[in-house]
Amino acid sequence: MIANLHNADIPQPVLDVIARLRELGHAVYLVGGCVRDMVRQVHPKDFDVATSALPQEVQRAFRKVIPTGIQHGTVTVLQDGTHVEVTTFRSEGDYLDGRRPSSVAFERDIVKDLSRRDFTINAMAYNPLDRELVDPFGGQGDLQAHLIRCVGSAQERFSEDGLRPLRAVRFAAVLGFSLDDATRAAIPATLGVFRKVALERVREELVKLLLSPRAEIGLRLLADTGLLDVFLPEVARAEPQAASLARAAVQAAPLEVEVRMAVLLADLADRAQTRDIGLRLKFPNKAADLVALLVEHAKAEAQVGASDASLRRLLARLGPAQLPLWVAVARARVQVRAPEQLPEVEALFTRLEAITASKPPLSAKDLALTGGDIMATLGVGPSPVVGEATRFLVESVLDEPALNTAEALQARLKAWHTQAAR
């Protein structure tokens, strides 16, 4: 595997930073996820540098340095327009709150730095100048074995940082790996620490898991280890068959977070519950509202055979822009729950797409009459009757889109007003 590292495409600015620190006599390595990805022959998203140089020494070594996290030993070097994050080797004090260390001590030894990391596959360091791989905890072997294993004691690592158990499951889902037995066994025993984690951080990990190629496996692991019950009890406590179908439908859905969340919850929660879940997990209001809307209308099979007027009303509730997302949710559900109904449901999708393409009037803004026109036709000023009249006209054009001309709507409005006055 080391040969893979030698062939890795490391950006020149990163190599220049490493070379400069080496020139000044400091030990320096690439660390963490970038080394893991290079060993796997996957191009890293970013490159993190660790060094024996103290933050002040790094600052003196380069012209432009941003003290992004200097109290924890991290600075960002701006090298040829590239931001290179450089962190001093460090060890950590006790984790008193299950989230962060009480203190940080700078070290000169790369192994001490690696020993504080979460999983063996993230606890490797590589010096591209000397082509030296430092792997004191067997990360290479675990990559080959497709195994997520904690550095040292899993119980200790999970007791230090409550997010680590969720990260373990997320890595398993993203990479298609299994959890080492001891690592898996430590998760239920440390759920109390996991409960301390901010839900924003939980949401970030959940989103990565949902968008992974093996989301179904990840969701099952979350349920089996007790993690899911902490932040998504609505899913964790569902009847086993319903939960299993929901996980399979997620796997069948496109890689869009709102779609996959809606598919997961479509048969386990109603619209109000779904919105509450979204807000509880700190999704933006707009995303929580969208997922709730998709859940409310997810059961497409109920619309098979509906009239065009009914489908226009569905479109009005969804909004034409959301139709592709709704189709994705509905299709994933039916593929898993009732594949024999898929031809009928696909025909429904075709009908809806044709209706959408015809651009029917679906809301007040689509009416051929403005609010001012309505008031002039009725001979009234601003009042509740204008809202009632608008709703009447919208319902009229949803039934008969051809009515949406100024003359036809005025005639319809006058007749409605006359009848209402009797």
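This is a predicted model: local features need pLDDT of at least 70, side-chain atom pairs count only at pLDDT 80 or more; totals for chains, interfaces and linings use all residues.
1. Division into domains. The chain is split into four assigned segments: domain 1 covers residues 5–138, domain 2 covers 146–236, domain 3 covers 238–360 and domain 4 covers 371–421. Between the C-alpha centres of domain 2 and domain 4 the distance is 57 Å.

2. Overall dimensions. The radius of gyration is 29 Å, whereas a compact globule of 422 residues would have a value near 22 Å. Along the principal axes, the C-alpha atoms occupy a box of roughly 95 × 50 × 40 Å.

3. Secondary structure and the annotated region. The protein contains 24 helices and eleven strands. An unreviewed UniProt entry assigns the feature "domain: CCA-adding enzyme C-terminal" to residues 270–410. In the model, that span is 66% helix and 0% strand, and its end C-alpha atoms are 40 Å apart.

4. Packing and surface. Of the 422 residues, 48% are buried. Among contacts between residues at least 6 apart in sequence, 66% join residues at least 24 apart. The accessible surface amounts to about 19,200 Å², and carbon and sulfur atoms account for 49% of this area.

5. Salt bridges in general. Side chains of opposite charge can pair when their charged atoms come close. In the whole structure, 28 salt bridges are found.

6. A buried pair linking two helices. Arg170 and Glu205 form a salt bridge with an N to O distance of 2.7 Å. This pair connects distant parts of the chain, with Arg170 in helix H8 (residues 164–175) and Glu205 in helix H11 (residues 199–210), 35 residues apart. Arg170 has a relative accessible area of 10% and therefore counts as buried, the cut-off being under 20%. Glu205 is buried as well, at 5%.

7. The closest N and O atoms of Arg116 and Asp113 are 3.4 Å apart, and the two residues form a salt bridge. Arg116 is buried, with a relative accessible area of 15%. For Asp113, also buried, the value is 1%.

8. A pair with greater accessibility. Which residue forms a salt bridge with Arg237? The partner is Asp229, with the closest N and O atoms 2.7 Å apart. Arg237 is exposed, with a relative accessible area of 63%, while Asp229 is partly exposed at 27%.

9. A charged network. Salt bridges also link Asp267, Lys299, Glu301, Arg333 and Arg337 in a network.

Conventions
Residues are numbered from 1 along each chain as its sequence is written. Side-chain values use heavy atoms; hydrogens and water are left out. Domain bounds come from an automatic or database domain assignment. UniProt positions are given in the numbering used here, feature names are shortened, and annotations may be inferred rather than shown by experiment. Helices (H or I, at least four residues) and strands (E, at least two) are DSSP runs, numbered from the N terminus. The radius of gyration is taken over C-alpha atoms; the globule rule is 2.2 Å times the number of residues to the power 0.38. Buried means under 20% relative accessible area, exposed over 50%, partly exposed in between (1.4 Å probe, protein chains only). Contact means heavy atoms within 4.5 Å. Accessible areas come from the Shrake-Rupley method with a 1.4 Å probe; for residues, only the protein chains shown count as cover. A salt bridge is a side-chain nitrogen of Lys or Arg within 4 Å of a carboxyl oxygen of Asp or Glu.
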